[in-house]
Each structure stands twice: as C-alpha cells, then as structure tokens.
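Subject: Structure handover

Dear colleague,

I am passing on the structure below, and I would ask you to keep it open while you read the notes that follow it.

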Amino acid sequence: MNMANINDILPLVEQPSRYLGSEINSIKKDYNNIKLAIALAFPDLYEVGTSHFGLQILYHILNRHENIAAERVFAPASDFEAYLRALKMPLLSLENQKPLKEFDMVGFSLLYELNYTNVLMMLDLAGIPFYSSERDLSYPFIIAGGPCACNPEPVADFFDAIVVGDGEHVVVEMARAWIKWKDSNYNSRKILLKEWSAIKGVYIPSFFEAKYDNKGFQTVLPVFNGQPRVVRSIIPDLENAPFPDMPVVPFGRPVHDRVRIEISRGCTRGCRFCQAGMIYRPVRERSVENIIDLSNKSIRSTGYEDVSLLSLSTTDYCSLSYLLEKLMASYEAKHIAVSFPSLRAGSLTPDLVNLVKKVRKTGFTIAPEAGSQRLRDVINKNITEEDIISSVNTALGMGWQVIKLYFMIGLPSETDADITELIDLVYRLRKERIRKSSSINVSVTTFIPKPHTPFQWNAQNSLDESSRKIERIKKALNISGVHFKWQNPKVSLLEGLWARGDRRLGKLLVNAYGKGCRFDGWSDKFRYDLWENAIKDTGVDTDFYLLRKRSISEPLPWDHIDTGVSKEFLICELEKAEKAEKTDDCRNQCSSCGVCDFTRIKPKICCYSVDSTESGIVETKEKQKHYKKLIINYSKLGPARFFGHLELINIFLRAVRRAGIEVGYSEGFHPMPKISFEDTLPIGIESVCETLFLTVTEYTQPEIITKKLNEELPEGLCVIACKECVPEEKTNSLKIYSYEVTLMCGKLCNEHLKIYEMSDKLEIEKTNRKGKRKFINLKEVIKTIRMESNSRLKMTLSNESGNMVRPADVLKKIFQLTDEEIKTARVVKLGAPI
Ligand code: SF4
C-alpha cells in the first residue's frame, strides 16, 4: 500500500495529523538494513497511545538497535476505520505506512481491559487471524504486555506470547531470539516460542492448558514438562534502565503533552485494593541527578515547557523537596513548569507546600478512596480524615480553585453507613471553601477486585447495588460548589469480568466484536446492549466471575502467573482487612510480601536532604532582557496542511525552544509565550505565504533563526523569511489572499460561474462562535475568480467589506460541490513572501 492511498483518506477524517507519523523524534528506518520489524500497537486512539510512557520506552529501546525497526500503530477512529474498510486498505504503521501483517512481530500494550475489542479490530483490519492457533509462518508473532498481563487468561488464545512484568530487557531478549531463529532458517513457530518461554517473564499461552473442574474453576497447567509458573520480570533499578530522552512529540492534543520522567517505579504503601501497588513492587527510585539529567535532555530534544514527575505516588519520593528545589532553580526563569499527577493527603510538608506553590497549578487531586475511617483502614489507605481536611485546606489556602476527590463504592465490607460518611465528608470539605467560586469535584467508581491483590477473592457489587449507591450519592451531592461524576456501573461490570475472567471468555470477546463493540472505554462508543446480546449468545455466566466470594482454596485463573508477591502475604492482608488492621508502609518496615531477595531485588530509595550541597544543575542568573518582535514568513505544504491552528502553535513553540531561541513571555500570574499568527488557516489548506509574529529575548541574526527553525520543523513547514517587525506590519488588518484550487474528484461547471458573474448578489450564511448568524455577499468578498480548467480554479478573496470567507464556501455556494469533493480538493493559498 502506498502513501497515495493514505492521502485519499486523510482529507476526509477528523484529526488527520494523528495518522501522519512524522512527529519530532519519530524514527523512520531504511528497511535495507533491518532484520526485524516490530509494530508497537496500542489498542486505543493516537491521543491516548502516544501518552503511554511504556510505549515510548519500548520504541526507544528497540530503535537503538541498528538492525531493528520499531514502528507505531494505534487504533484508528471510527471514521478512519470505515474508510479503510471501504477502500479495502489494511491497517498501516505510522512511520513507513507498512501493513501490520508485514511486520515480524506485533506487540500490543494492554493497559485497560475495555480496549480488548480494539485489539481484535486492529488484527481484523490488518487481515491477521484472531487466534494464535490459526496463524502460520506467513503471519507476524502477536505478543502483548502491560498491567493486564497479570491475568492474561481471557485473551490468552489471541497471543503467541505475553510479557509479564518490566519489559525493558525482555523485549530485547525476545528480539534477539527472533533474529537467531530467523537466521537459522527455522520453519516452525513453535521453535521460537520454546526459546521465548525460557526468558523470564514470557508466558506462551499455547504451552499451557486450561482445565476446568466440576465447579467450573479453571486451573492452568503446562502442556510440556515446563515450569508451572511464569515469573514476573523485574528490573533491579531505574538508574541503569534505558530511558526515552528523545521521546516522540505527538501532534494534536494528546492526553499527556509534556516531558514525563518516571521518578520511581513501585509503591510501598500497601493499599489492599491497588493492583499496581502489588504488581510493581518493590519501590525503585531514580536518583535526583539522574532525574535532572534526563529532564534537561528531554526538554532540549522536545521543546516542551512542562515536566511531569511520574510515579504511583509522587509525593512519597524520598527527596521530593530537594528535587523540586533543584528543578525550580533551573526552570523557573525559563518558564518550564514542573507538575506531578496527584498529591497524597497527609504528605504535604511545609517545605513541599512552598515548592508546590511555584509549580503550575494544574488541579489538586486527592484520593481518600473511602468515606469512613473504618473502610480506609480495611483497604489500608493509611490516611485519616484530618489528613484529608488539612490537605484540602492547604490547597485552598494556596489558591487552588478546584479540588478533585476520588472515591470507590463497593469496597469489601462496605455498608450504607460508609456511604453516609462519604457524603458527610464531602459536606465537611465543602464548608472549608474560602471562596464561593472554588469547587469540589467528586468522582466515584465501583470497586473492582483485581487479581494479585488481597481482595482478589472478594465479590464485586452487582449492577443494581452499584446503581443504588451512586443514585444515593448523586442525590445527596446535588448542592452548590460540588460537582459529582461517576463511572457507569455497566462499564465497571465489564471491567470486573475481564479482570478476573478465564480463558472461556475469549469467545465472548470475538462475539461482542462481531456485534460492533469497539472503544468500550469511551462513553460515547460504549454499547452495553451489544454486550448483553453477546453474553446471552455465548452463555457466559457473569455472576460466576463477578458476584461470588471465592474461597482461598479455590484455584484462580491467574495462579500460574507469579508476580513475586506470595499468596500467603495476600491471604494475611485479607485477614487483616477483615479486622480493619493496618499494615505499615514497607519503607518503614518490610511486610514480607515475598518480592525482594534483598540482594538483587530490593527497595531502592534516593535520600537527599534540602541542605545537601550536591548540585546537578547550573542556576540561571536573571539578566536584563531585550525584547525583539520578529515577523516570520513560512509555508505550510504537503502533510503540514493537516495541522490545526492549536497544533501549529505548539509545533512552532517547541521548534523555537529546541532551536535554543529564547521566547519572550507576557507578565502576570500565568505568563504566556508571545507568539501570534496572522491567519488561522483551516485544516486541509496549504499555503506558501503564512505569517507569524514571535517575540524573542535575545536578538539573533534573522538568517540564523531561519536556519535553526528549519532544522527543527516537521515535514511540510518551512520558514521562508524572518526579519525584525516594524509596527505598521503588525497592524495592517486588510487581508487579500489568492488561492489555487485543484479538484481531485468532481468537476467545476462553467455555467455555475457564469450565473455567479451575472448576479448582483450571492449570499452565504455564516454563524459565529457565539451562535450569531450573518449573511455575507460573496460579490463583496471575491475580488477575482477564474476557471483554468474544469478541475482548476484561481480566486482572490478580500476582507475589506469586514467579512472573510474561505475557498470552501465559494466552491460550495457557486459550484455546488459536495463536502467530499471540497475536502479532497488541493487548495493552496498563494502570495508573495515578505
Ligand atoms: S519484600 Fe518487603 S521491602 Fe520488598 S516489596 Fe515486599 S514488603 Fe516491601
């Protein structure tokens, strides 16, 4: 499949830039030198997938090897999927538009159970059979990894191999084994699977058989005389782990659009409901020097102005105050913001409060999880009501306007009294508001007992029970200053089903996909009616998986997956939960969960005090700034026509920063970079005459700025000229643009043009952003219009009447072209450069 086919689709779909694959730091390799091609597949939209840090790590690790090419592929949105099907095109990777089927391996990231139908959609669009047993040597090996791999059974039949645990080393070992296998001219998939099965952390589902006893309980046993359990792969520390310091900078509006530095992996708190807290043990903190070094490199390579410190519990990072001091000393003057995803109630020290004040206030989120102290003790949350109230008070006092609170309903042993306490807690916190304008956002989800946690044996709340509790809270919190959000309990039901399901659920997935289920995690796409039909069709007894309290002697479908946390520990924690007894943070005291051998695998803590004298960064001295405003003329051609205006602002700002050009900022509470664009060109229009204004703090020769920017801009954007701006150039509001239009489908009719030319008035109706309608006479806007052929047209449009229209308006009104004919036309804005 060639580029031309993709170009047929891009003008017709929403957010076309998500399919371009030419982002800064994306890697497009020449296949002449490649032995192994791996597609890194993410079963959700580009905006979600590009925000997944794990995918960036794997992309970076694999592409470091000269003979390996790793390319990305994301689940196409529904409109793109429809075009692929209509044009009988296969799903392609982003970088080289290579059909998925032509890769040697396809690795899916499984982060969320409700993405499973998208895995099938992607295989289907690629023309790859769903079941591993149906794939011969002509198909790639389909592998998976990510947190869902800790119960791989519901999707076990679809994958050749599943990676359990940290993937950094495993994926390289698997790649090496594949190359060796290929070089040896082996003609059996099984030989490679055998090799892979010897790698720690690799599960080969076809080498294990699912057996069911008379009660329907699944036990998974090795088919050959192999190891009965698959042991999780753990990297001993982050310090020496490969890190993507040149991450891909996504186009559009990704969920996370900033530098992300994983400051630690694993959590020591021991919350009993939290699967991540169990399966990522032990805690491994990165050193302050390492974090600063990686952060500086990542900022330089991306041009981002935000750094997020990632971790399961960032405020637990041992040297957080010291780290923030160091980062802020360097970044504050450069307008680089530092943020962290959430704050743990009770962990805000005075030092931290002062530092947090300086970082951008993106939202203050705390997760009490349960409303009553009894229930918080049951789940080992280890925060008190005083912690919650004082954290909220501190945040409000520091100027936060919105406080976000997360709760779960349906936690083990929960009663109506606990729900009452949840409501009371929100009322108490509402009273703490200093300003009437501040608000408390409350989110509630139904608790899902997850494998490898002490609550893996507990029952999940039924749909009715969850709905009843949510209704009650909703009614009680229908008060000013509180916004209540909840997860659809039907979504939670399906999440719970897949989380603790067994291999028999594979047929349900195929059935539901066949009925049209896709993007089940997206509320606008979720079709519970289709799921209900699929459940009925396949005879799956959902109560068996969801509503039963399991006996601790019952075999569990994931018993053959060894995360390192022992079953004895989980049972002990379950018993303590039943007595509402707490377990200490394992930073203070090891609770013998079984993960650490205390030689190679042990907690790695990074302790510095704020008084430490080590300095990993050079502090910036405030200097006198001389502002210069530049006028930059640039072209936007080819693939760049798919960038929307907001995307373009980010693309330019990041290119400017990567080029080392210092931008001027506005004054005030939220200083903004001084950049503005003369025209907001709609998506799909090319131009050879765009203009932007940029204020810089240090004057550099315009030719040097032009050269530096052109080295940093993505394909299709090119600076043509740059000079210092004189005032009249920025105030000229008269705009006269000429355009050339070439139709790819449909025809221009001369008669239509004649009718227009003979008429005195031809109006189009426009609605502005506020919904106000107005009529624009095209006769006053079109200065010239000339057909060069029945597919080519030139026109000049002016705003001197106070109104402006775009070529699409002209094509529609005068030539009566269809939306598709207009969208696929090549429209180029012409003009002389400055
Ligand atoms: S073995 Fe001890 S120190 Fe290691 S993760 Fe488990 S509880 Fe923590």
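This is a predicted model: local features need pLDDT of at least 70, side-chain atom pairs count only at pLDDT 80 or more; totals for chains, interfaces and linings use all residues.

Most residues other than glycine have a negative phi, and most peptide bonds are trans. S413 is partly exposed, with a relative accessible area of 42%.

F598 lies in the loop between α20 (567-578) and β20 (628-636), and its relative accessibility of 47% counts as partly exposed.

What surrounds the ligand? F598 is one of the residues there, and the others include R281, P282, C586 and P603; by class, the shell holds 7 nonpolar, 2 polar and 1 charged residues. R281 and P282 are joined by a cis peptide bond, with omega about -5°, and P282 sits in the loop between α8 (275-279) and β12 (284-285).

Turning to the strands, an open sheet of 6 strands runs in the order β2-β1-β3-β4-β5-β6, with mixed pairing. Because β2 (68-74) and β6 (202-203) stand at the edges with a single partner strand each, one side of each has no neighbour in the sheet. Helix α3 (residues 53-63) packs on this sheet, where it touches β1 (36-42), β2 and β3 (105-109), and its direction makes about 155° with that of β2. Helix α5 (residues 116-126) packs on the sheet as well, touching β1, β2, β3 and β4, and its direction makes about 155° with that of β3.

Finally, consider strand β13 (residues 306-310), in which 5 of 5 residues are buried. In a regular strand the side chains alternate between the two faces of the sheet. In β13 both faces are covered, with D306, S308 and L310 buried on one side and V307 and L309 buried on the other. Strand β10 (residues 259-262) runs parallel to β13 and is joined to it by 4 bridges, with E262 opposite L310, while 3 bridges join β13 to the parallel strand β14 (residues 337-339), where S339 is the bridge partner of S308. Together with helix α10 (residues 320-331), β13 and β14 make a right-handed β-α-β unit.

With best wishes

Key: Residues are numbered from 1 along each chain as its sequence is written. Side-chain values use heavy atoms; hydrogens and water are left out. Buried means under 20% relative accessible area, exposed over 50%, partly exposed in between (1.4 Å probe, protein chains only). Helices (H or I, at least four residues) and strands (E, at least two) are DSSP runs, numbered from the N terminus. Two strands pair if DSSP finds at least two bridges between them. A crossover is right-handed if, with the strands pointing away from the viewer, the path from the first strand over the helix to the second runs clockwise. A residue is near a molecule or strand if one of its heavy atoms lies within 4 Å of it. Ala, Val, Leu, Ile, Met, Phe, Trp, Tyr, Cys and Pro count as nonpolar, Asp, Glu, Lys and Arg as charged, and the others, Gly among them, as polar. Contact means heavy atoms within 4.5 Å. Axes are lines fitted to C-alpha atoms, for helices over the stretch in contact, and angles run from 0 to 180 degrees between N-to-C directions.
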